[in-house]
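Below are my entries, in the order in which I looked things up.

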Amino acid sequence: MQDCIFCKIIDHKIPSTIVFENKDMIVINDIAPKAPIHYLIMPKKHIKDVQSITKEDADVLSGMFYIAQEISKKNEKAADFKLVINSGYNAGQRVFHLHMHMLAGKMISASEI
Ligand code: 5GP
Ligand code: ZN
């Protein structure tokens, strides 16, 4: 997608701190972290939001959770973590390339995003 900032990050056209990468997925540090650990886990395929997911995306989506688990296993500061997906403008989504926020490294209250 031409005007998508995350597609540009995936194509390494915009710099970011890459935490993990494979052929389907990338994990980067959020530029404005809301917790000591604030990763953005996203598929490389441009999917706008949860509303746009199709059946073919099933493996990629389960992969997002699996990567969160792998990251958690490797970092005791991320033993417990919060996963957040904002899907749609009114839910707070500002970058329209599906991504999961992974927040950890501090006590996070149930109401906190
Ligand atoms: P959303 O509000 O769409 O759920 O989350 C977008 C997130 O992307 C925000 O937490 C914001 O800080 C982060 N973000 C926006 N632009 C960039 C960028 O250029 N690089 C990185 N690493 N994060 C970004
Ligand atoms: Zn994109």
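**Notebook: the metal site and the ligand pocket**

I began with the sequence spacing of the residues that donate to the zinc ion (ligand 2), and it reads C-x2-C-x38-H-x50-H. I kept in mind that this is a predicted model.

Next I looked up the donor atoms themselves. The zinc ion (ligand 2) is held by SG of Cys4, SG of Cys7, ND1 of His46 and ND1 of His97, at 2.0 to 2.3 Å.

Then I moved on to ligand 1. It has 16 residues around it, and those that come nearest are Asp30, Asn86, Gly92, Arg94 and His101.

I went through some polar contacts next. On the side-chain side, His101 places a polar atom 2.8 Å from an oxygen atom of ligand 1. On the backbone side, a polar atom of Asn29 is 2.9 Å from a nitrogen atom of ligand 1, and a backbone N or O atom of Ile31 lies 3.3 Å from a nitrogen atom of ligand 1. Of the 520 Å² of accessible area that ligand 1 has on its own, the protein covers 84%.

My last entry is on pockets: the largest one is the space that ligand 1 takes.

Terms used. Residues numbered from 1 in each chain as written. Chains lettered and ligands numbered in written order. Predicted model: local features only at pLDDT ≥ 70, side-chain atom pairs only at ≥ 80, totals over all residues. Heavy atoms only, no water. Donors = N, O, S within 2.8 Å, 3.2 Å for Na, K, Ca; no water. Near = heavy atom within 4 Å. Polar contact = N/O pair within 3.5 Å; in protein donor to acceptor, adjacent residues only side chain to side chain. Areas by Shrake-Rupley, 256 points an atom, 1.4 Å probe, with all protein chains shown as cover. 1 Å grid on protein atoms, 1.4 Å probe; cavity = no way out; pocket = protein on both sides within 12 Å on 5 of 7 lines; lining within 4 Å. Sits in = over half its atoms within 2 Å of the grid points.
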